[in-house]
Amino acid sequence: PADCFNAYSPVSLGATWNYEISGTATDTYTHSILSASESEFTDQDAFGSGTTRSGQWRCEAGNLIALTPGGSASVDAAGQTFNFTITSNSGITFPAILEVGSAWSQEIAYEGTQDAGGTQITSQNQASTSCTVIERESVTVPAGTFDAIRVECNSRISISISGASPIVIEAPSVAWYALGVGMVKTVSSGSGFDSTIVLTSYQIP
């Protein structure tokens with residue numbers, strides 16, 4: 001799709017990327033593009049543990065904008081369904097042009113609704129992320145060795161549930177993206193949760 005073309009985050013219908021997660025928790029997941037038009041697409045992460053996450057994106061001249069936090073419009077986990085409704089959304093999730101020194105950010109305000117055994121729990125949430133391209137470097141993962149760009153991000157999520165104090169999660173991360181491939185590695189930390197995600201295989205039509 002013309003507006004969705006992004007050299008470092010390919011949007012290709014039927015494309016799949018397989019990842020392995022290690023750290024505080026271990027798992028695997030397959031990231032895939034489910035549908036794509038000239039200016040929008042839907043993606044999905046299907047985890048080995050049984051959780052699935054799907055989300056909608058808008059494209060503007062190669063800039064990719066998640067219409068939901070983390071790209072997640074809905075999450076189905078262990079028989080519980082989480083739905084998200086955006087109340088405001090500004091900035092860019094992933095820019096069209098990535099070079100050393102590039103910087104961008106996104107802020108999303110949203111309501112989250114959880115159906116837990118027939119009980120509806122609603123929360124008011126704020127998510128913000130700011131990222132900068134630091135350098136180019138070689139990265140080796142199970143899928144191979146890639147010449148990649150190193151992106152450092154700081155993310156902050158504030159979750160407010162009626163009757164309770166807000167929960168604030170700070171999550172710094174470093175990710176590596178390869179031209180024509182996408183994300184090949186991510187290292188995240190913060191709030192007692194550390195993880196490393198590596199690309200194990202991929203197929204891009």
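Colleague: Which residues are linked in a network of salt bridges?

Modeller: This is a predicted model, in which local features need pLDDT of at least 70 and side-chain atom pairs count only at pLDDT 80 or more, while totals for chains, interfaces and linings use all residues. Residues are numbered from 1 along each chain as its sequence is written, and side-chain values use heavy atoms, with hydrogens and water left out. A salt bridge here is a side-chain nitrogen of Lys or Arg within 4 Å of a carboxyl oxygen of Asp or Glu. The residues linked in a network of such bridges are D43, D45 and R53.

Colleague: How many salt bridges does this rule give?

Modeller: Side chains of opposite charge can pair when their charged atoms come close. Among the pairs here, E152 meets R150 at 3.1 Å, N to O. By this rule the number of salt bridges is six.

Colleague: How many residues apart in sequence are the parts that E170 and R156 tie together?

Modeller: The side chains of E170 and R156 form a salt bridge of 3.1 Å, N to O. E170 belongs to strand β11 (residues 167–178) and R156 to strand β10 (residues 144–161), so the pair joins parts whose separation in sequence is 14 residues. Strands are DSSP runs (E, at least two residues), numbered from the N terminus.

Colleague: Is E60, which bonds to R58 in a salt bridge, buried, partly exposed or exposed?

Modeller: The closest N and O atoms of E60 and R58 are 3.0 Å apart. Buried means under 20% relative accessible area, exposed over 50%, and partly exposed in between (1.4 Å probe, protein chains only). R58 has a relative accessible area of 34%. At 39%, E60 is partly exposed.

Colleague: What is the phi of A61 in the hairpin of β4 and β5?

Modeller: Two residues lie between the strands of this hairpin, and A61 is exposed there, with a relative accessible area of 60%. Most residues other than glycine have a negative phi. A61 is a residue other than glycine, yet its phi is positive, near 50 degrees.

Notes. Helices (H or I, at least four residues) and strands (E, at least two) are DSSP runs, numbered from the N terminus. Two strands pair if DSSP finds at least two bridges between them.
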